[in-house]
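Here are my notes on this one, in the order I'd walk through it with you. Have the sequence and the structure open while you read.

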Amino acid sequence: QVQLVESGGGKVQAGGSLRLSCAASGSIRSINFMGWYRQAPGKQRELVARITSGGTTNYADSVKGRFTISRDNAKNAGNLQMSSLKPEDTAVYYCNAEIKAMNNIIRGYWGQGTQVTVSS
């Protein structure tokens, strides 16, 4: 069974930084891509950043230049470094990954979410 676990959320003042981590565990053969989504109250979940197994990244326009996504393929883990945080970044952040299990079944997985709160 595959599981994603996030850590690193919290409260920070505007202009501050936070680092989110996502660790995948279980019967994993490979991870195709990892990404971070967020959902603010009353809003739809949106893609924040995504990284492929080869290291290609893409970001939402609202976070370009402020957030950096990375991954450690050997550890089946990923990170989201968030800097110059703004109150509008406040949301629950979810790790998402497309994983090929040892039985060769490929599917998407979600973490449980971690709250990020940015105060002005």
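Accessible areas here come from the Shrake-Rupley method with a 1.4 Å probe, and for residues only the protein chains shown count as cover. On that basis the protein chain exposes about 6300 Å², with carbon and sulfur atoms supplying 46% of it.

Some housekeeping: this is a predicted model, so to speak of a local feature pLDDT must be at least 70, side-chain atom pairs count only at pLDDT 80 or more, and totals for chains, interfaces and linings use all residues. Residues are numbered from 1 along each chain as its sequence is written, and side-chain values use heavy atoms, with hydrogens and water left out.

1. Overall make-up. The protein chain has zero helices and eleven strands; both are DSSP runs numbered from the N terminus, helices being H or I of at least four residues and strands E of at least two. The radius of gyration is 14 Å, close to the 14 Å that the globule rule gives for 120 residues, so the protein chain is as compact as a globular protein of that length. (That radius is taken over C-alpha atoms, and the rule is 2.2 Å times the number of residues to the power 0.38.) Along its principal axes the C-alpha trace spans about 50 × 25 × 20 Å.

2. Buried residues make up 40% of the 120 residues, where buried means under 20% relative accessible area, exposed over 50% and partly exposed in between (1.4 Å probe, protein chains only). Take contacts (heavy atoms within 4.5 Å) between residues at least 6 apart in sequence: 56% of them join residues at least 24 apart.

3. Charges. Lys and Arg count as positive, Asp and Glu as negative, and His and the chain ends are not counted. Each charge is placed at NZ of Lys, CZ of Arg, CG of Asp or CD of Glu. The mean positions of the 14 positive and 7 negative charges are 4 Å apart.

4. Arginine 38 deserves a look. Is arginine 38 buried or exposed? It sits in strand β4 (residues 28-39) and counts as buried because its relative accessibility is 6%. Which side chains does arginine 38 make polar contacts with? Glutamate 46 is one partner, at 2.7 Å, and aspartate 89 is another, at 2.9 Å. (A polar contact is a pair of N or O atoms within 3.5 Å; within protein, one must be able to donate a hydrogen and the other to accept it, and residues adjacent in sequence count only if both atoms are side-chain atoms.) Leaving out residues up to four places away in sequence, arginine 38 also touches others, including Val48, Phe67, Ala91 and Tyr93.

5. Strand β5, residue by residue. Glutamate 46 lies in β5 and is partly exposed, at 36%. Its C-alpha is 9.8 Å from that of tyrosine 94, 48 residues apart in sequence. Leucine 47, also in β5, is partly exposed at 27%, and its C-alpha is separated from that of tyrosine 94 by 9.4 Å. Beyond residues up to four places away in sequence, valine 48 touches a set of residues, among them Trp36, Arg38, Ala60, Leu80 and Tyr93, while leucine 47 touches Trp36, Tyr37, Asn58 and Ala60.

6. Asparagine 96. This residue lies in strand β9 and counts as buried at 9% relative accessibility. A polar atom of the asparagine 96 side chain lies 3.2 Å from the backbone oxygen of tyrosine 109. Setting aside residues up to four places away in sequence, asparagine 96 touches residues including Leu4, Phe33, Met34 and Trp110.

7. Two backbone spots to check. Asparagine 76 has phi near 55 degrees, a positive value in a residue other than glycine. It lies in the loop between β7 (67-72) and β8 (77-82) and counts as partly exposed at 22% relative accessibility. Serine 84 has a positive phi of about 50 degrees, although it is not a glycine. Serine 84 lies in the loop between β8 and β9 (91-101) and is partly exposed at 42%.
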